[in-house]
Every structure is written in C-alpha cells, then in structure tokens.
Amino acid sequence: MGDIGSAFAEAAGLILAADRTLYGIVQLSLAVSMTAVAVATAIGLPLGALLAIRRFPGRQVLLVTLNALMGLPPVVVGLLVYLMLSRAGPLGDLGLLFTPEAMIIAQTILVIPIVAGLSRQVLEDAWREYEEQLRSLGATASTAAATLLWDTRYSLVTVVLAGFGRAAAEVGAVMIVGGNIDGVTRVMTTAISLETSKGDLPLALGLGMILLAAVFVINAAAQIIKSAAVRRYG
Amino acid sequence: MGLIARLAHVAYLVVALACAPIALAQRFITVASTTSTEQSGLFGHLLPIFEQKTGIDVRVVAVGTGQALDLGRRGDADVVFVHARAAEEEFLREGYGVQRYPVMYNDFVVIGPKADPAGISGSADTLDAFRKIAGAGAAFVSRGDRSGTHIAELALWEAAGIDIDNEKGPWYRATGQGMGPALNTASALNAYILADRGTWLAFSNRGELEILVEGDRRLMNQYGVILVNPERHPHVKRAEGQAFIDWLLSPEGQAAIAAFEIGGEQLFFPNAGEPGV
Amino acid sequence: MLPLILENVSFAAGGRTIIDGVSFELAAGPRTVILGPNGAGKSVLMRLCHGLLSPTAGRIDWRGTRDERRPRAQAMVFQRPVMLRRSALGNVTYGLKLANVPKAERERRARAVLDAVGLGAVGDRPARVLSGGEQQKLALARAWALEPEVLFLDEPTANLDPGATREVERIVGDIHSSGTKIVMTTHNLGQARRLADEILFMSAGRLAEHAPVERFFAQPATAEAAAFIKGELPWD
C-alpha cells in the first residue's frame, strides 16, 4: 500500500513539475496510438462493412480468422514487423526500424482485426434490420455500406475506442520495433517497463496512473461528443 | 504492408506536426548496447557531451548482449557496444565488425541475502563462493539470456568446476530477463545473483540483498566497441559511427566515462588501449 | 413498366414450397389487394414482384416500357417502417438522392410530400422519435416522393391503431389518385373491401382466385375464399 501512496506522490510531482521529458513521452504515446487507430479504422470499417453485407464462399472461415486475430499477442506482431523492417528483412531499405512510424505500423496491424471484427458484428445486426428497405430504395452495396456506417456511428465510436485502448495499453510491439530509444521511441508503456526493470516501482506506477488518466480523458471526451450528438440527431 | 507503411508515415507526420515536432531527419547513429549500460545511467551522462560536440544524435537501443550483436549482424545498428569479449571476437571473425576497441571496464559483484545461507560473505574467492552456493542448494537467479552478464556467470560456474547445466536444481532460476528485472526477482526470492555494479548501484528495490563478494580479478567486466562492417551493410553510417568510437577512446571521452558517478562512487573505469583485454 | 406478368412462378426455401405455380397479370389502373390468411405466401409474393427475391421457377416480366420521368419506378412500404438515424426530412431526401434527383429539388419535393401526408410540422425532428403511426406515414412519404409507377405495401397497417390506420388508408388513396398503381397485402377483410378494385386471393401458396372486388365478396368462386370471408379459414 505504501508503494501506491508513493506512486500517487510521484505522479503528482511529475505533472506539477511540468517535466518536459514526461510530456514528450505522453505526446508520443498519444500520437502513435491515435495515428494507428486512425489508419486501422480507415481500413477496418470498410472491411467490416464488406463482411457484414456480402456473402461469398469462405466467409465463415474469414470471420473465424478475424475473431481469432483480435487476440493477436502484441509481442508476436512486434516480432513479425521487426523481421520485415529489419535491414536484413524485405522492407529494410525503408529504414523504418526504431522509428515512431514502425510503432504505428505494428499497432495498426494489432488494431485492424479489432475494428473490423467488432464493427462487422454491429453492421451485420444493422443490416438485418435495414436490408430490405435499402434494397427497395435502390441502394448499391457500397451506398448501403456507407449508410450503415453512418447510422451505427454511436456503436462504432465504442468500437474505435476499444481499438484505441488496445493500442495505448500494449508494450510488446512498440518495444521490439521501436527499441525504447530515449527521446525518439520511448512511450508510456515502454517507459513504465524500463522503470520497473530498474526497480523504481513508485515511478513506474506513477507513470501508469498518468497513462490511465490520459486514456480516461479521451474516453470521457468521446462520451460527451456522443451524448451531444444523440440529443441533436436521435 | 507497403501500403500500411505509407499511410502510417503520412498520418504520423500530420499528427506529429499537430502535436509537437519530434526529432526527425537529423544526423544520427544507432548504437546497440546492453541493458546494464543503459540502466546504470552512463549514456544519459555521456551522450549529451558527444552530441553537443559533434551534432550527431546517438540513439541507443538497449537489449541483451546476444541481441545487440544480432542487431549488428542484421545491419540494424551502426555500432555495437557490449561486454562479452568472446562473443565480440566471434562477431569479428564472422565478418560483421571492422575492429574491436576496449573502452572501459566495470566489475561484477555477487549479491545475496543478508542472512547468507551459503556463508560466502566477504570471501575474496568467487569460485569458492559459487561452489558453496551450489553445495548449499541456495536460491540463485541467473539472467539466462545470452547477455554479457550471463556469459560471465556461466564462465564462473565452469571455472569453479561445476557443470551447471547438469548439476542445477530447483535452486537455480534462469529468468531470461534483463539485469533490473532479474534483481527484482532475486529481491523477491531472497536469492543470490551475479550483477554488474552499475545496475546494482542504480537499483532501488533491494529488499534484504547486499553485496557479499567483490574485488576479485575474475569479476572484472570489460566493455568493447565495434563499428558494424560497411562492407556487409553498405547503409551503415561509417563516418559518424567512427566519430563516436574515436570520441569514446579519446582522452576527453575517457575522462567523461571516469567522471560518471552514482552516490559519489565511480562505476566505470576507462582503459582504452590496454592490451590483452 | 406495367403490365407486370407472372408466369407459373414458384418459390421454395428451406425445402418448403412457399409459392406454387402462380400466374397473373397486373395492369395499370386498378388498386390490387392480395388477400389471404396468415402463411398463405402474400408477403413472399410481394417481394418476388418487387424484386427482393428471385423465383425458383417461372418468369416475372415487366412488359411495359420504362418511364424515364419517374426516378424510381417501384417503391415498397413494409409492415414495420425502417427509418434511418436522421431527421424525417433526411429520410425522404435519402431516397430522392438514391434516385439521382438533383440536390436543389430534393428538399422542395421532400417538404411537399411531408405536408401532403400531414408530417409538415415534424420534418426536422429525428425520425426515430416519431410514433409508430407517424413513422409509417413517413415511409409512405418517402415512397411517394419518388413518384413511383407501382407502390407495393406489405400489411402496412397491421401494427397501427384504428386512427393511424384510417390516415394511412387515406394517404394510399391520395397516392393512387396521383397516378401510382397500388399493390397491397392485407389479411383484414374490411380494409380489402375499402381499398381494393380487384382481389388476388392467396391460399397455401396458390393463387386461388382473381376477381373484381364486388364479385369476390358477393360470389366467391372457391370454397377457401368463401370460408375466409366468413372467417372460418384456419390459420396455417
């Protein structure tokens, strides 16, 4: 319990001191995870819509695979991306290893199955309700997909937040492909891991609390926007 | 993945510009080094001096010695800076490095619980201490991760006449972790452990542990620096990497190493140019 | 597009025959009501005509020429209205947009048709907060705005109270007056008598009778029709 008390004190101290290194780390964490979620959403939502609306041979296998990929271990993704981006690997010439871009790539791969899989479920339920009416009005598959995505937007916000939670919380992938380089690829989770391994547990816990607070603020903001929109548009 | 890479790059630039500029596209080298060097705080002390002098940003990826040398083999680092002479010389023999230069040494210490069930405290003979630990079946935590520390530990068992692979019992815990986490484990288990002095001095979660054996010549831990061979990996930043190595070996760099202290104690002892290490 | 001709159309699903060898012709003009007990296949027949389902046997032909003035030649109103998560006006303009009506004209037509069905005051409210009756009127408005040649209605008042039912029937009449062919299903005899010009009577997947409304009710030609009119036909 004493550790948790010291952790609060550490966290408060860091924030009040407006520690520049800390702010840089928080900024980088949010930039990396939000960018990854944005890219993953751009890819995952259309994929989810496609799977919800279209029937094709092998669809069941694809759905099972997608659901399984939601549980991809981050460290495995990190390892695979590392092997691809390493100079000895196929994409080595891009020089992306140990950069924030590499971390974004790894987290994007982690988040795409979550966005696609969860949105597929939401959209499939909506399609069951809307299909006949939309087809009667003459909607093409792509128009129907766009309409469904807009109409289920509140549920989809939750899906995207789930993806963001996954990205912001993971350490395995960003550690391997980023290298936890001070001032360049050190993010909240890798910093916590480092301080833990140095035995500075109160500081590690303090950083953990700051990370939780940042994620909480983002979720709260999303909820506020959602409520306002529901009141206006129903 | 190429598409994702491009999208990621564009998206990241947009977001990063919106948040705050992070160091991109300046002169930098990638140095693969060990967790013990990073966690002691040495780089935090050394690198700003070098960067201010040359304008070259040094990016340290801190992993175990085995992984650091692997990064060099794959061309993912420009310089490797580790502490396992035999592994470094094999690295050179394989043609991945240009030349090895000794830079500095620190020492290992044998850490153990105050209660000292194996009775080794104050001994000047590390090999005897290890035999006593094995004989008593006292809890011992090993890095188990091909790091320089791990390699040194295995060499000590062998020199003590113990075939650790066959003779280890449940008392011997190979954790596969870095020095810090391994110390955490030893602290939690009240176990013996071989650690480098630097990480120990910076380690705060000590529990009942303290230094029991130190000062033996066998515990000396030599660091070497190697430029990754540009003939194997043409993209290696030869000029900047060599500049870093030259600085480490220079009187100025050596003095900076000696000036690094924790709690008034010097951690690393510069010995560039010393033969036979 | 009219007349619509069905030749020996059958539809089977899950091993069951739901529509069995149905043939008839729908001409422009008369209001057609498809009558029959629950399970007779009325809804499936509607969906086959509208094109939401494909027959497993037989042919469905629109023999007329396509009228280029009408943005969407057919429309359908379902038993349960499906509203998008936007305003009532937005639901109507959605259909117009799909029919490639130019943007400037969409809102004007939408507001006009909302007024015509009595929803002029609630055009800007979210469609989903409207009552069941209002939503069904909105569905009719959405379909009417398209100025379809044929309007299919599948038991449109089955879930509505008598007041809303009367309003819906009035609107259907107005739509017919504006030149749209009405094809409607119901199991309600009174409604059929009020709205139909001709009756298609379905029983167990077959077209049992096809007659003008007065003759159907005065002199049903089949035993099932007679039993249904008397209220004796058992539920399937």
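Which domains does the domain assignment of chain C give?

1. The domain assignment of chain C, whose bounds come from an automatic or database domain assignment, gives domain 1 (1-67 + 149-236) and domain 2 (82-148). This is a predicted model, in which local features need pLDDT of at least 70 and side-chain atom pairs count only at pLDDT 80 or more, while totals for chains, interfaces and linings use all residues. Residues are numbered from 1 along each chain as its sequence is written, and chains are lettered from A and ligands numbered from 1 in the order in which they are written.

2. The centres of domain 1 of chain C and domain 2 of chain C, taken over C-alpha atoms, are separated by 26 Å. Their contact (C-beta atoms, placed from the backbone, within 7 Å) takes 14 residues from domain 1 of chain C and 11 residues from domain 2 of chain C. On the domain 1 side, strand 6 (150-154) and helix 5 (162-177) of chain C are the elements that give two or more residues, where helices (H or I, at least four residues) and strands (E, at least two) are DSSP runs, numbered from the N terminus. Helix 5 of chain C provides the largest share of that side, six residues.

3. Between chains, 14 residues of chain A are in contact with 16 residues of chain C. Helix 5 (100-136) and helix 6 (141-151) of chain A are the elements that give two or more residues to the side of chain A that touches chain C, and the largest share, six residues, comes from helix 5 of chain A.

4. In helix 6 (residues 126-136) of chain B, the residues Thr126(B), Ala129(B), Phe130(B), Ile133(B) and Ala134(B) are buried, a term that requires 20 or more other C-beta atoms within 10 Å of the residue's own, whereas exposed means 12 or fewer and partly exposed lies in between, with C-beta atoms placed from the backbone. Because these residues cover an arc of only 135 degrees around the axis, they lie on the same side of helix 6 of chain B, the arc being that of the directions from the helix axis to the C-beta atoms. Helix 6 of chain B is followed by Gly137(B), whose phi is positive, near 60 degrees.

5. Two residues other than glycine deserve a look for their backbone. Asp116(B), in the loop between strand 4 and helix 6 of chain B, has a positive phi near 50 degrees and is partly exposed, with 16 other C-beta atoms within 10 Å. Asn100(C), in the loop between helix 2 (88-98) and helix 3 (103-117) of chain C, has a positive phi near 60 degrees and is exposed, with 9 other C-beta atoms within 10 Å.

Note on methods. Contact = placed C-beta atoms within 7 Å.
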